[in-house]
Amino acid sequence: MTSQELATELRGSGRTAGGIHVTPDRAMQLAAVYSCVRVRSELLAQIPLFVLRRETTGRTRALNHPLFPLLNAQPNEFQTSFEWREMCEAHLCLSGNAYNLKTYVRGQLAELIPLAPSLMEVSQDPTTKRIRYSLRLPSGEPKEFTAAQILHFRGQSLDGFTGLSPVGYQRELIGMGLQMVEHGARQFSNGAMIGGVLEHPGALSKPARERLRDDFDARHSGLSNAHKTLLLEEGMKFNATGMNAKDAQFLESRKMSRTEIAGMFRVPPHLIGDNERSTFSNMEQADIGVVKYTLGPTLGRWEGRMNLDLLTPAERAAGLYTHFVVDGLLRGDYKTRTEGYQKAIAAGWMSPNEVRELEDLDRVDGLDYYQRPLATEALGPDGGQGGT
């Protein structure tokens with residue numbers, strides 16, 4: 001395999017053993033892939049994203065930092081924060097890489113502009129080991145960028161600077177799914193019947209055979225001609241051939257493909273419409289698992305890269321960092337939440353105002369206190385009760 005062929009494969013393009021050309025765009029035509037990418041990208045996009053500052057008394061939102069409105073509201077002139085994050089995560093899911101050009105105004109970061117992964121080439125200088133980026137312009141000419149100019153979210157990597165393409169590495173699985181969809185569409189376009197044989201008691205000339213076949217196909221093939229009355233003359237018989245979709249376990253194969261694709265993206269099957277093995281109790285646990293095992297690594301990937309590429313070393317040393325607030329996704333039903341809040345307030349490790357913030361309610365004066373449990377008293381250095 002040449003270096004160019006390898007680069008093409010890593011970006012998610014390539015042919016399967018069955019001859020299907022699988023690209024990220026083509027993969028999205030498969031319902032299971034589309035659903036998984038949509039679930040992951042929309043989940044990540046809806047999580048509040050803030051720039052925070054660590055302080056001695058806790059952490060506060062760095063509302064006056066120029067990065068805060070970019071990440072929380074509008075990263076560029078044509079996208080909201082939700083749309084930008086949704087797009088970047090979709091790029092990550094399909095190609096394993098999401099690229100953004102950083103633009104500056106008077107030395108201050110002004111925009112994050114997403115770039116198409118299919119147009120990017122990433123390489124490492126053999127001497128300096130620095131990462132270089134090359135964007136293919138509409139004219140076909142390359143435009144070079146340094147690593148400092150690009151915000152690059154990358155998935156799992158084998159070389160350290162390019163993420164592996166899930167579509168490229170799993171193109172056989174996706175290609176099989178695309179082939180099954182095409183096979184099913186062809187079956188239904190032919191009246192959900194694979195074919196048949198017309199049996200004539202005599203011998204027909206070649207022109208007569210062709211006229212008979214063409215006339216029969218015109219009158220009885222296709223979904224619009226299904227279940228029409230079949231009239232045969234001169235002792236002819238029609239013998240159906242092949243098996244229908246159910247007999248060939250076609251539907252079972254499609255279910256298996258859908259389940260495997262859900263596993264590939266680490267998305268619970270019930271989130272993409274496969275409820276065959278789901279119950280209310282295990283769906284609730286699966287939803288929590290999505291936050292911990294699906295979103296958890298992804299959010300860590302996002303936060304780490306934004307902290308490194310969007311904040312200066314001095315800002316990081318001063319306690320600034322980016323953070324996704326996932327508390328809302330981990331909350332249970334209203335009854336469970338209120339019971340948990342009551343216990344937290346009674347135990348003294350949450351204030352009423354902190355609870356109000358979790359429920360997206362305004363803070364109220366006088367509710368910043370922490371209760372001391374009646375059965376608990378601080379001990380002095382000598383083991384006795386301390387204070388009055």
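Trainee: Which residues is R53 in contact with, leaving aside its neighbours within four places in sequence?
Mentor: G58, R59, T60, A62, A318, G319, L320 and Y321. Contact means heavy atoms within 4.5 Å. Bear in mind that this is a predicted model, where local features need pLDDT of at least 70, side-chain atom pairs count only at pLDDT 80 or more, and totals for chains, interfaces and linings use all residues. Residues are numbered from 1 along each chain as its sequence is written, and side-chain values use heavy atoms, with hydrogens and water left out.

Trainee: How many residues apart along the chain are R53 and Y321?
Mentor: 268. Their C-alpha atoms are separated by 6.5 Å.

Trainee: Where is the place of R53?
Mentor: R53 is in strand β3, residues 49–55. Strands are DSSP runs of E, at least two residues, and helices are runs of H or I, at least four; both are numbered from the N terminus.

Trainee: Why does R53 count as partly exposed?
Mentor: Because its relative accessibility is 30%. Buried means under 20% relative accessible area, exposed over 50%, partly exposed in between, with a 1.4 Å probe and protein chains only.

Trainee: Switching to R85. Buried or exposed?
Mentor: Buried, because its relative accessibility is 5%. R85 is found in helix α5.

Trainee: What is R85 in contact with, again leaving aside neighbours within four places?
Mentor: L44, A45, I47, L49, L71, W302 and F324. L43 is 42 residues from R85 in sequence, and 9.8 Å away C-alpha to C-alpha.

Trainee: At what angle do the axes of α3 and α5 cross?
Mentor: Roughly 140°, and the axes come within 8 Å. Helix α3 covers residues 31–46, and helix α5 covers 81–95. Axes are lines fitted to C-alpha atoms over the stretch in contact, and angles run from 0 to 180 degrees between N-to-C directions. The two helices are therefore oblique to each other. Under 35 degrees counts as roughly parallel, over 145 as roughly antiparallel, 65 to 115 as roughly perpendicular and the rest as oblique.

Trainee: Which residues make that contact?
Mentor: From α3, V33, V37, R40, S41, E42, L44, A45 and Q46. From α5, F82, R85, E86, E89, A90, C93 and L94.

Trainee: And by class, what does the contact of α3 with α5 have?
Mentor: 8 nonpolar, 2 polar and 5 charged residues. Ala, Val, Leu, Ile, Met, Phe, Trp, Tyr, Cys and Pro count as nonpolar, Asp, Glu, Lys and Arg as charged, and the others, Gly among them, as polar.

Trainee: Whole chain now. What does the secondary structure come to?
Mentor: 14 helices and 13 strands. Buried residues make up 35% of the 388 residues.
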